[in-house]
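Work through the exercises below with the sequence and the model open beside you.

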Amino acid sequence: MAEVLDYVQFVLAPQVVTGLAFGVAVILVAIGLTIIFGLLDVINMSHGEFYAFGAFAALALGWLGLPFWLLLILVPLAMLPVGYAVERMLIQRVFNRPDRHVTTLLLTFGLGLVLEDAFRLGFGPNPYRPDTPIPGAVELFGIFLPNYRLFLIVVGAVVIAAVALVVYRTRLGAMVRAAAFDRNMAASLGVPVAWVYAGAFAFGISLAGFAGVLLAPIYSVFPTMGRDFILMAFTVVIVGGMGSIAGAVVAGLFLTQVQAIAALYISPVWTDPIVFGIMVVMLMVRPQGLFGRLGYA
Amino acid sequence: MPDALTVAARANHVLVGALLIAGLAFAAIGAALNDTFYLRLATEALIFGGLALSVDILLGYTGLLSLGQALYFGLGAYLSALVLMAVPSFWLALAAGLGAGLVLGLIGGIIAIRVRGVYFALITFGLAQVVAKVVYNTRSLGASDGLLGVPIINIDLGLASVSSASPAGFFLVVLAVIIALYAVSAYILDTPFGRLLIALRANDRRVPFLGYRTASLRLSSFVFAAVIATVSGTLYPMLRGFVSPELLFFSTSGNAVITVLLGGVGTLMGALYGSVLLTVLRSLIGTWTEHHLMIIGLLFMGAVIFLPNGLMGLVRPAVERLLMRKARP
Amino acid sequence: MVKAFQTSALAALFAAAAVTGVRAADPIRIGVVTPLSGTYAGIGQQVRWGLDLAVKEVNAAGGIMGRPIELLYEDEEANPAVAVQKAEKLFEVAKVDFLTGTVSSGSTLAVGQLAERAGKLIATTVSFADSITGDRCSPNVFRVNARAGQQSAALAVWLSKEKPQAKVFYLGPDYEMGRSTVAAFKASAEKVGASTVGEVFAPLDAKDYTQYFGQVRAARPQVLYTSVAGNDTVRLLSQLQEFGLLNNLSLVGASGTVTSQNIAAIGKAAEGFVTGVGYSTEINSPENKKFVDAFKAAYKAEPDLYGADSYGLIYAYKAAVEKAKSTETDKVREALRGLKWMTPQGEKTIRAGDHQAIQAMYVVRITNGQFKIGGEVKGDDAIGPDTCTRF
């Protein structure tokens, strides 16, 4: 019995908790992706690069002397106009074509390439790492928890809850969901659809940027960092349901925990195939994911 | 008056002819100048053109974007390398590729064709990533270093024998194979089966109402594309003498998609011309600057926005007009 | 009449001078196929800096046999297929006399095979897979940097002195290089009495190593050996520190794990890290001081082992061509075999049997962000046996 408790305390519990920190990060990235898909029907292949954008912006502004706390708010805000510009100037140009899914996917894929090279051009190929804003750790029930990771979990959860609140409980959220459900009807009811679309895209990538700032101290910053999350984020979005925030949360937690706990028992290289396998099964059995689409959720 | 699709197909024939003639001329000049690099570069462009061809069959005709076609290409390459190291026979390697393409296409197809659109793209993407990772970690396949030492083979063509080390000779062999693959694809796509695939791309919900089963149509198309990709892949180790896991990575699949887009989606010819164009561009840009990623990315974005029909979109209408004028008395 | 003769004689003289002048200035071309984009771009940058600096110095001193060196760069994008294509371009179109720059062992082996078929020579200054000068050696491939076996030998010496009978946990990236460096060190470590208490291979580019910390804690090791590199090292070490695992643990690793390119990002977590490596900026020799100062002045950055070894390669090639009095492949190959030449790290010798450079190996410990030398192993002791049987 003591052995089981020991195991739970020293191996299983820490694994679950650190899986949680990773899970919160993935959810933040996935929510942005799912909002963009749910509303605009756009598959944003450059989403990972916007995550990187946030991290690099935080790095640069941090060198100018701005404190981390300010950056957490400033960087996502600064990314809103960037996202707005991208949506209006690039995505809108191919938006009304019949094969929108494919062209926006390809367009954002190209954008991702450009952004990645731009980071390398501006910052060099080597990694950077901002100092951990809250050093030290606590010991809870014998489980060792770095303070910053706790902070991350808490802040991430708060932001996720706030987003869910806005989308499901406010008038703004209602407009967004209406525009997703039926664009023309919403427009005829006075919803400024063009603004909503651009705004949603901007919000989505700004969430990814926020995740980038938050994670920079523990995952470091380098030009190819956008590729870290992309497969996992897409898997979460598919399993949770394209366009569903609740789905992104549930699927995000579930998949990261599966990965964390599986790593204990099998060679880590096989955790990706397992996650992918779950995605395939979900697509074969219930293609709309756990919770369906934004407008229909 | 032949219908638009047939005129388009005939315009394609003209363009194929042009490619063939250009290829023969290129080989002749190259052999005369004792060139090695440009001939081999062109051969590589054609081999990857075969991969692009398979992407176009899925994207341009069946309306399915595959982001993991390199899976079949790469596995075809590995299989060919293994076969050649055991038995240095060109035809055996090709046959093995064909067989493997059928099997792998069937397996991949059964997993992937249940879904459409972006889900299909993501499944093919994920499948390629997973298998690439497995190959990357498999010792017997050379792990991350890949397989080296694929021997130079002699290709027995009945009347003559060509060595795979001969730049001009092997270029002509590859040209023949790729054009054969193109011809088979063009023929099949001009049949009722092909028209059905085009119908699927246009509106896949209506097709069942016409009495056809979309699932088996999509599966056939998928297997066919997989075979094209695998057979193209078998040629790679003959050219370069090795295979590595990077042949299965997303960068290879992504390049194929860029190729098809630049060349022109749904034109088949666009895949081949696009591959030549992209290879030349890459080689030139790569020598000028190390920021080729950004330039290719910008070019690609520009093509998506401004040139949705790619290179063929510019060239083919001109050829079609020429043909129509000839058709009228 | 006399005037016409004089002018034509003068003209002929000028022409002759011009022709010989042109031939004298005909550059020696060295091709460099190295990753300038992608994950290994940081290494490619150091390779480039090292090569450029050496070429600048050699050309300022008159070049090789009066001919200047010209470097031609191509980006291999960390993909052997691209590396081979670019290498062929350099061999056949630019007609380079020599090639270097490949980083991953896959690229080095593939380009080496191409070089054999094209009748040219290549050298690597980065790849440290033992197989390149071992069971997969090639008569056209040379290596001027230390290989995994040499690195482990140096580190094992440190281990037996500082932490005898230690319990070692191995954490490596799951690809050929990661696995073989772990295997090489494990063999050396077990020979000096250490015991293995655990082994984990994480996927390349893993972002969160904390999922393996449970196993690490459970095994209670005294020493943790890792062969991750670049960004992965930044994450592993900073996460180890975050979780307080560095308090009672000695951290050791491969040569390329902590270099001047990623030490800034790792920060304090790198303190105390020990490795066996062929180069350190702290090597106390006049050649090294001159090299480090010149490097810092030119690039505002410190050289690491890749920069130093690339710098050394140019001088090796210069010495070989001067000995052979020619740039022809067979003559240069003969000249390179057994060549002894001076580098910032001291004198190196290229073993004729397998084309591997023999050099002194240093035990380096990171102290206050500096790569301080804690010990030295003589070249002949560090070099393993010659396992190349092809020539």
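Predicted model: local features only at pLDDT ≥ 70, side-chain atom pairs only at ≥ 80, totals over all residues.

**Exercise 1. Carry out the steps of Exercise 1 for Ala78(C).**

Solution. Ala78(C) lies in the loop between E2 and H3 of chain C. Its phi is near 55°, a positive value in a residue other than glycine. With a relative accessible area of 21%, Ala78(C) is partly exposed.

**Exercise 2. Into which domains is chain C divided, and what lies between them?**

Solution. First, the division gives domain 1 (2-146 + 282-359) and domain 2 (149-277) of chain C, with bounds that come from an automatic or database domain assignment. The centres of domain 1 of chain C and domain 2 of chain C, taken over C-alpha atoms, are 33 Å apart. Their contact (heavy atoms within 4.5 Å) takes 20 residues from domain 1 of chain C and 15 residues from domain 2 of chain C.

Second, consider the area. The size of an interface is often given as the accessible area lost when the parts come together. Here the buried area (accessible area, 1.4 Å probe, that two parts lose on being put together, summed over both) is about 1,200 Å² between domain 1 of chain C and domain 2 of chain C, and carbon and sulfur atoms give 52% of it. Of the area that domain 1 of chain C buries against domain 2 of chain C, 38% is supplied by Phe128(C), Ala146(C) and Leu305(C), more than any other three residues.

Third, look at the pairs across this interface between domain 1 of chain C and domain 2 of chain C: the rule finds zero salt bridges there, a salt bridge being a side-chain nitrogen of Lys or Arg within 4 Å of a carboxyl oxygen of Asp or Glu.

**Exercise 3. Is Thr181(C) buried or exposed, and which residues does Thr181(C) touch?**

Solution. Thr181(C) is found in helix H6 (residues 176-191) of chain C, and Thr181(C) is buried, with a relative accessible area of 1%. Not counting residues up to four places away in sequence, Thr181(C) touches Phe128(C), Ala148(C), Tyr225(C), Ser227(C) and Ala254(C).

**Exercise 4. Describe the interface of chain C and chain B.**

Solution. Start with the contact, in which 30 residues of chain C meet 31 residues of chain B. Chain C and chain B bury about 2,700 Å² between them, 47% of it on carbon and sulfur atoms. Gln85(C), Glu88(C) and Glu176(C) supply 21% of the area that chain C buries against chain B, more than any other three residues.

Then turn to charge: the rule finds three salt bridges across the interface of chain C and chain B, and Arg40(B) forms a salt bridge with Glu88(C), with the closest N and O atoms 2.3 Å apart.

**Exercise 5. How much area do chain B and chain A bury between them, and how many salt bridges cross their interface?**

Solution. The contact takes 36 residues from chain B and 38 residues from chain A. Chain B and chain A bury about 3,300 Å² between them, with 83% of it on carbon and sulfur atoms. Across the interface of chain B and chain A the rule finds zero salt bridges.

Notes:
Residues numbered from 1 in each chain as written. Chains lettered and ligands numbered in written order. Heavy atoms only, no water. Helix = DSSP H or I, 4+ residues; strand = E, 2+ residues; numbered from the N terminus. Buried < 20%, exposed > 50% of the residue type's maximum accessible area, 1.4 Å probe, protein only.
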